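Please consider the structure below.

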Amino acid sequence: MHSAVLLIEFGSIILCLGLLGRFAARFRFSPIPLYLLAGLAFGEGGLLPLGASEEFVATGAEIGVILLLLMLGLEYTASDLVSNLKAHYPSGLVDCALNALPGAVAALLLGWGPVAAVVLAGVTWISSSGVIAKVLGDLGRVGNRETPVILSVLVLEDLAMAVYLPIVTALVAGVGLAAGSVTLAIALGVAGLVLFAAVRYGRVISRFVSSDDPEKLLLVVLGLTILVAGVAQQLQVSAAVGAFLVGIALSGEVAEGAHTLLSPLRDLFAAVFFVFFGLHTDPASIPPVLLPALALAVVTAATKIATGYWAARRAGISVKGRWRAGGALVARGEFSIVIAGLAVTAGIEPSLGPLATAYVLILVVMGPLTARGTEPLATWWTRRRQPRGTAGVPEQPVEARRQTPVGD
């Protein structure tokens, strides 16, 4: 009986997601906000709360994040990753400074104390790699010139989590300096080991995974990715980082074949991830913290846009590409919820959980809209800065265009 209810509930969710996706495609916008609203409807306090399928959906949501990051990693080689990190680490520092500070200040103004300030700083700092990966795919921007800049910022954030999460875990648990240092050392060692293996032995890994049989290739790549992600998470490193580095390690025909085979699975489980996020948001808990969450969302949306604009400008991307990079980085998601959950479990501040949930819900809905809306904003900005009387000037010759920034 329980299995029948599970099948009915999960089948209803998938059918609903398919219909919502068709509706979004008809009006040419990202389906992510609709998936989240569906989660609210099916979740605790919603119109049709689920019971039997919640655990199954939770597992599917974890797989969804892992597949999103794996597919991102398949787009780039290990040498691309290393060169991007070397080139864009200043952008990571600017990202941290601009986006962590508002969260810390907000927590102190609310009187929550220094530990809550460190937690809320992480909530406002880290963009959602899962949401952004989905948005870039939906908008057809994976091949854009500004996309490596966006991915570099995301990778720097995900790698920073290998340092940040052990620190937060130690703070909220109240453990001593020695125990916290051991946890941090393990996390850094594992992240460094996986990155070293991806860079040094990527070709060997690709040969091991390679197969002419699509079924065997699918099973080996998927199994290896989930295994590495699970081991990474067990050792206090983000599962997303592990999955991304597996994608980086695969190259050539293996990467192309895996991308083709895994794309449908990614789309399915990514949709489940966004529903799961909504399932764990009680609509009744949002109104009391809506105003401060909205104010914090507006401020940090602006700082994320500024971060992307600055990073893309530093990389020589044109004005339109800078605005697209900034708009794409706005969404927060999985990491923000994980960080807030650590504090809530430890009983640091009762209001932190609802505020973080409302904040992330606002930005995870706003993120796809800003990613799409910054394109006309960039056009307006370019026209506004254009000298009068030049609207009808013909396009520059190729020789002149080679000296201008790229990115459109």
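Q: What makes the second largest cavity a cavity, and how much space lies in it?
A: About 30 Å³ of space lies in the second largest cavity. On a 1 Å grid over the protein atoms alone, a cavity is a set of points where a 1.4 Å probe fits but cannot get out, and lining residues have an atom within 4 Å of a point. The volume is the space filled by probe spheres set on the points, which are joined across faces, edges and corners. A search of the whole structure finds 2 cavities of 30 Å³ or more. This is a predicted model, in which local features need pLDDT of at least 70 and side-chain atom pairs count only at pLDDT 80 or more, while totals for chains, interfaces and linings use all residues. Residues are numbered from 1 along each chain as its sequence is written, and side-chain values use heavy atoms, with hydrogens and water left out.

Q: Which residues line the second largest cavity, and of what class are they?
A: The lining consists of Val-155, Asp-158, Leu-159, Val-241, Phe-244 and Leu-245. By class, 5 are nonpolar, none is polar and 1 is charged; Val, Leu and Phe count as nonpolar and Asp as charged.

Q: Why is Val-231 called partly exposed?
A: Buried means under 20% relative accessible area, exposed over 50%, and partly exposed in between (1.4 Å probe, protein chains only). Val-231 has a relative accessible area of 41%, and is therefore partly exposed. Val-231 lies in helix 10.

Q: Why is Lys-320 placed in the class called partly exposed?
A: The relative accessible area of Lys-320 is 26%, so Lys-320 is partly exposed. Lys-320 is found in helix 14 (residues 319-328).

Q: How do you know that Lys-304 forms a salt bridge with Asp-95?
A: A salt bridge is a side-chain nitrogen of Lys or Arg within 4 Å of a carboxyl oxygen of Asp or Glu. The closest N and O atoms of Lys-304 and Asp-95 are 2.8 Å apart, which meets this limit. Lys-304 lies in helix 13 (residues 290-314) and Asp-95 in helix 4 (residues 78-109), so the pair ties together parts that are 209 residues apart in sequence. Both Lys-304 and Asp-95 are buried.

Q: What makes Asp-95, Glu-157 and Lys-304 one network?
A: Glu-157 also forms a salt bridge with Lys-304, with the closest N and O atoms 2.5 Å apart. Salt bridges that share partners join Asp-95, Glu-157 and Lys-304 into one network.

Key. Helices (H or I, at least four residues) and strands (E, at least two) are DSSP runs, numbered from the N terminus. On a 1 Å grid over the protein atoms alone, a cavity is a set of points where a 1.4 Å probe fits but cannot get out, and a pocket is an open set with protein on both sides within 12 Å along at least five of seven lines; lining residues have an atom within 4 Å of a point.
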